[in-house]
Amino acid sequence: MDNCGKATLSRKCDRKQKRCQHIIEKETGIKCTLMASKCIAICNAGLVNGLSEETVYENFIQYGSIDNITMLPGKSCCFVRYKDIEAATRAFDNINGKLNIAQNSKPIYLTYVENIPSPDPIYQNTLPTGLIIIEDFVTDTEENMLLELCNFNELENGSMKHRQVRHFGYEFRYDINNVDKDKPLKEDIPHQCDILWEKLKLEGIDFVPDQLTVNCYKPGQGIPPHIDTHSAFEDPIISLSLGSSVVMNFKNEDVNIPVILPKRSLAIMSSESRYAWLHGITPRKLDIIPTQNDLSVIHRTTRVSYTFRKVRKGECDCQYTQYCDSHAKKLKSKSNSIKNDVAMQLETAHVYDVYDVIALHFSDTRCKPWPNVMKFLYSLQPGSILVDVGCGNGKYLRCIENVFSVGCDRSFGLAEVAGQRGFEVFSCNCLNIPIRDNSADGCISIAVIHHLANEERRLQAIKEMARILKVGGKCLIYVWARDQIRNQEKTFYLKQDRKNRKESSTAVQEQSPENVTVTGDVTLPVHVNRTQFQDQDLLVPWKLRAENTPDNKENTFLRFYHVFEEGELEALCSQLDYIKIVKHYYDQGNWCCIFEKIKKD
Amino acid sequence: MLTSKCMKGVNIGYPLKIKAVDLKESEVDFNPDFISRIIPKLDWTVLISAANSIGKNENLPENLLPEYEKNTEFLKRVHHVLLEIDVVNGELICPESGRKFPINNGIPNMILNEDEV
Ligand SMILES: [Zn+2]
């Protein structure tokens, strides 16, 4: 290059520098200086221009030891501090205006600065609450043994843009962000991992997972920040780093904590760190972490992480509700469901009042006990106390000798019918059963809680039955199923229709339902008797022939029903941790569940 | 066994006091084995005071007899009080709140108003 060219370049630099120095001072408060200093600012490129800390590091490290790189979010400048002025001068002379790493491969322009912005307070030494890193959790030998368990296909590598993944126990589905809880994989967690639980026990942690995800990260690959779906997994989640160390970023609101996961270490994410902090790995080839007076740099090699989790049964009830999918679901179902006061009016008008009127006729049609209910009653020990919640005409009371049976029903009409048959009955609402805690050996509730108009009330009824049971006592619940055709066979309910009985196919005619406004702003469809249910919340007609009505006129009464989907009754019961589901089954158009009380609530 | 515990502000609500207007006595088959299995599940003092309050003590002792399962005469009396006497009309009274639950046609009405739960 000739002298003239040099002069041009220098003038251009000067002009650029002047303009940029002004901006730096204005934007960051950092004073620029003409004197050589340990600190250098890149005036025209920063995070907003796509310049990465990694690129700055790789280019500047060639001229000497760096003790800090500061990239400011949202700024088009950044700062490098060398350990000595000589290194800084070398870098300045070689890079200024010559290194094309600014936007669109333009050269970057430098200036000396008096100091660099103080390290961001977000870079703390403290870990997120609940996060524990156990270094050297496995030995080199164990590391190799575990790495050999899960060989990733080398052929796929090279073109692989994303990390490779394998699942054991259950598959984690990234499309739904959850696991298929009903479909365990054939491949369990390899038994070689058992050594890990033994080691954990020594640390005082009792954890045996049933799901394993193995991720293979080549240098440059990462995983976007995320919180593991609450409803999918329990607390804690543990992750073993093999092959390479890496920096994992934990983020909560505006706090960002880079955490080094050394190779052979175990990260335990529990409580807040599991439920409320996003964690992710930035896709890059090296990690740079500013420490007190230095930079720590990790050159990534291939890292394999073993993440062990325990699949959650039921819903999450953590306190970190804003991050909780279970909580969101609950809120949504609450806002969609019938409000409590309306539910009460609906139940009064379309359940209790109806049963009071149709009690006698209804009772005449309900004589035959169901065999599977009888089976449950026969399983009770002699001398047991049995409560029939919603006993109707009392057909299950005193079915069996040697059991002291009490029945209750919200309908006076039905309770009276049962009372006249000589049974021990009282009337009450199943939401508040006037029986002492832990006093019944057995409890049945046959075709009752499907009359309650929202989920909160149906759960409350189950809670009441669980409350009155003794520990070890069992309860049987029957509810009407939405699905009246199982295994290609129509239920008795559908067969009762003569038309359906003749048809050989299982197709049941669909008729569009009529809608009725029941109370307030709630409109419900009226079910066409002897057909499949079209909705979950609906009104089912009960026809009373003229001779059965007080005024000798034929009349149709509408009863409210919530027909249950498959798994719905179980899901309700499994919300209570003091009961254990013994059995659940489908019986002639009903979903049925037997649970046992395992501890006091 | 009935309790008014479900009411707001009532913690125990047991035993409920019984006020009988009409009583009915009926005959139920005597099953000594059944009665002796039920007895340990009863709160004996509560049974006695309940029987007293409706004037049908049948000479039941204040304390449970030892080896009652061999005492057929005793079991018969318990059987009678437990199973053969019904309060047809009257009321159950919560010992704490004084709330009365009417008994009509032998059926106690324990339904609470919305503001009571
Ligand atoms: Zn949660």
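This is a predicted model: local features need pLDDT of at least 70, side-chain atom pairs count only at pLDDT 80 or more; totals for chains, interfaces and linings use all residues.
Let me start in chain A with Asn438(A), which is found in the loop between S22 and strand S23 (440-446), where helices (H or I, at least four residues) and strands (E, at least two) are DSSP runs numbered from the N terminus. Phi of Asn438(A) is near 50°, a positive value in a residue other than glycine, and Asn438(A) is partly exposed, with a relative accessible area of 24%; here buried means under 20% relative accessible area, exposed over 50%, and partly exposed in between, with a 1.4 Å probe and protein chains only.

Residues are numbered from 1 along each chain as its sequence is written, chains are lettered from A and ligands numbered from 1 in the order in which they are written, and side-chain values use heavy atoms, with hydrogens and water left out.

Glu253(A) also has a positive phi, near 50°, in a residue other than glycine, and Glu253(A) is found in the loop between strand S13 (246-252) and strand S14 (255-261) of chain A. A cis peptide bond, with omega about 5°, joins Asp235(A) and Pro236(A), and Pro236(A) has its place in the loop between strand S11 (223-226) and strand S12 (237-242) of chain A.

Now to the interface. How many residues does the contact take from chain A and from chain B? It takes 31 residues from chain A and 25 residues from chain B, contact meaning heavy atoms within 4.5 Å. The area buried between the two chains, that is, the accessible area (1.4 Å probe) that two parts lose on being put together, summed over both, is about 2400 Å², and carbon and sulfur atoms give 65% of that area. In chain A, Phe404(A), Pro434(A) and Arg436(A) lose the most area to chain B, together 23% of what that side buries.

Across this interface of chain A and chain B the rule finds 1 salt bridge, defined as a side-chain nitrogen of Lys or Arg within 4 Å of a carboxyl oxygen of Asp or Glu. The side chains of Asp441(A) and Lys41(B) meet in a salt bridge at 2.8 Å, N to O.

Finally, helix H11(A) has 14 residues and reaches 20 Å from its first C-alpha to its last. H11(A) is mostly covered, with 10 of its 14 residues buried, among them Arg457(A), Leu459(A) and Ile462(A).

How values were computed
The expected span of a helix is 1.5 Å times one less than its number of residues.
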